[in-house]
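Dear colleague,

Please find below the structure that I am handing over to you, together with its sequence. My notes on what was found in it follow directly after.

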Amino acid sequence: HGAVSEIDYWSKSLGTMRRAFVYTPPGYMNGTLKYRVLYLVHGAGDSEEAWSRTGHANLILDNLIATGKARPMIVVMPNGHTPDRPGADILNNQDFGNDFLNDLLPYVEAHFRTINTADARAMAGLSMGGIHTFNHGLTHPELFHSIGIFSSGLGIGAPGNDAIARYEAANDAALKRDATDLKLVYYAIGAQDPFGGVLPAARGMLDKYDIKYVFHPSD
């Protein structure tokens with residue numbers, strides 16, 4: 001089995017201590033190898049504990065690695081929530097991104113044996129975590145070449161076209177680079193998902209920029 005560690009780190013961006021959980025694969029503790037890293041972000045109703053304590057992501061990975069269906073990797077499960085700030089939108093502010101990119105990612109790479117290249121980094125998220133991935137993963141092809149978006153979209157809480165236009169204007173250069181740099185974009189959503197209404201706008205944006213993606217709808 002791999003191990004799940006609880007880490008505490010200082011977030012200079014937010015001025016507070018923050019917590020994350022980190023899965024390290026079997027053999028990590030007694031080895032010297034460096035590993036690829038997946039940053040996996042939870043939804044709005046969950047916390048950084050959810051992937052391992054409720055979703056059993058660590059046990060799923062143990063089994064996938066044991067059967068040769070996944071390469072050994074490190075999985076970092078950050079806190080997707082940030083301290084309340086008057087007037088801040090939980091889904092659309094830079095607090096998480098600043099902490100994630102400027103504080104957590106450097107901490108992980110300083111304290112764990114990681115391969116620090118974009119080809120070896122992935123970011124994925126569920127629901128709110130998917131929005132974080134749209135905002136801070138898809139927009140950073142210099143950092144992440146693999147992206148996973150689950151049960152999420154752009155335009156939540158605002159008219160879809162307006163949100164897409166703002167997103168494109170803010171991230172045009174990165175989105176153009178995504179079309180050539182990204183190795184995988186995996187997009188999964190259920191037919192009855194309440195976020196389904198914003199799906200066409202998000203997919204249209206990916207198509208507009210010629211960003212190839214694997215789309216997995218389910219019942």
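Thr133 is a residue of helix H4, where helices are DSSP runs of H or I with at least four residues and strands are runs of E with at least two, both numbered from the N terminus. The model is a predicted one, in which local features need pLDDT of at least 70 and side-chain atom pairs count only at pLDDT 80 or more, whereas totals for chains, interfaces and linings use all residues. Residues are numbered from 1 along each chain as its sequence is written, and side-chain values use heavy atoms, with hydrogens and water left out.

With a relative accessible area of 0%, Thr133 is buried; the term buried stands for under 20% relative accessible area, exposed for over 50%, and partly exposed for what is in between, with a 1.4 Å probe and protein chains only. Beyond its neighbours within four places in sequence, Thr133 is in contact with Met123, Ala124, Gly125, Leu138, Ile147, Gly148 and Ile149, contact being defined as heavy atoms within 4.5 Å. A polar atom of the Thr133 side chain lies 3.3 Å from the backbone nitrogen of Gly125. Helix H4 itself comprises residues 128–136 and lies across S3, S5, strand S6 (146–150) and strand S7 (184–190), running at about 140° to S5. For such angles, axes are lines fitted to C-alpha atoms, for helices over the stretch in contact, and the angles run from 0 to 180 degrees between N-to-C directions.

The sheet

The eight strands of an open sheet are ordered S1-S2-S4-S3-S5-S6-S7-S8, and their pairing is mixed. Two strands are taken to pair if DSSP finds at least two bridges between them. Strand S1 (3–11) and strand S8 (214–218) form the edges, each pairing on one side only. On average, neighbouring strands of this sheet are turned by 20° against each other, direction ignored. Helix H3 packs on the sheet and touches S1, strand S2 (16–24), S3, S4 and S5, its direction making about 120° with that of S1.

S1 and S2 run antiparallel and are joined by nine bridges. Ala3 stands opposite Thr24 in S2. The hairpin of S1 and S2 has four residues between the strands, and there Gly15 takes a positive phi near 70°. Trp10, in strand S1, is in contact with Gly15, Thr16, Met17 and Asp103 when neighbours within four places in sequence are left aside. The C-alpha atoms of Trp10 and Tyr107 are separated by 9.0 Å, although these residues are 97 residues apart along the chain.

A parallel pairing is found between strand S3 (residues 36–41) and strand S4 (residues 73–78), over four bridges. Leu38 has Val75 in S4 as its bridge partner.

Asp119

The loop between helix H3 (95–111) and strand S5 (121–126) holds Asp119. Asp119 is partly exposed, at a relative accessible area of 46%. Not counting residues up to four places away in sequence, Asp119 touches His145 and Lys183. The side chains of Asp119 and His145 are joined by a polar contact of 2.5 Å; a polar contact is a pair of N or O atoms within 3.5 Å, where within protein one must be able to donate a hydrogen and the other to accept it, and residues adjacent in sequence count only if both atoms are side-chain atoms. Between the C-alpha atoms of Asp119 and Glu142, which are 23 residues apart along the chain, the separation is 9.3 Å.

Helix H6

Helix H6 (residues 199–208) has Leu199, Ala202, Met205 and Leu206 as its buried residues. These residues lie on the same side of H6 because they cover an arc of only 130° around the axis, the arc being that of the directions from the helix axis to the C-beta atoms. Exposed Pro200 and Lys208 are carried on the face of H6 turned away from its buried side. After H6 comes Asp210, with a positive phi near 60°.

The chain as a whole

The protein chain has six helices and eight strands. Its elements run β-β-β-α-α-β-α-β-α-β-α-β-α-β from the N terminus on. Of the 219 residues of the protein chain, 50% count as buried. Among contacts between residues at least 6 apart in sequence, 73% join residues at least 24 apart. The C-alpha trace spans about 50 × 40 × 35 Å along its principal axes.

Yours sincerely
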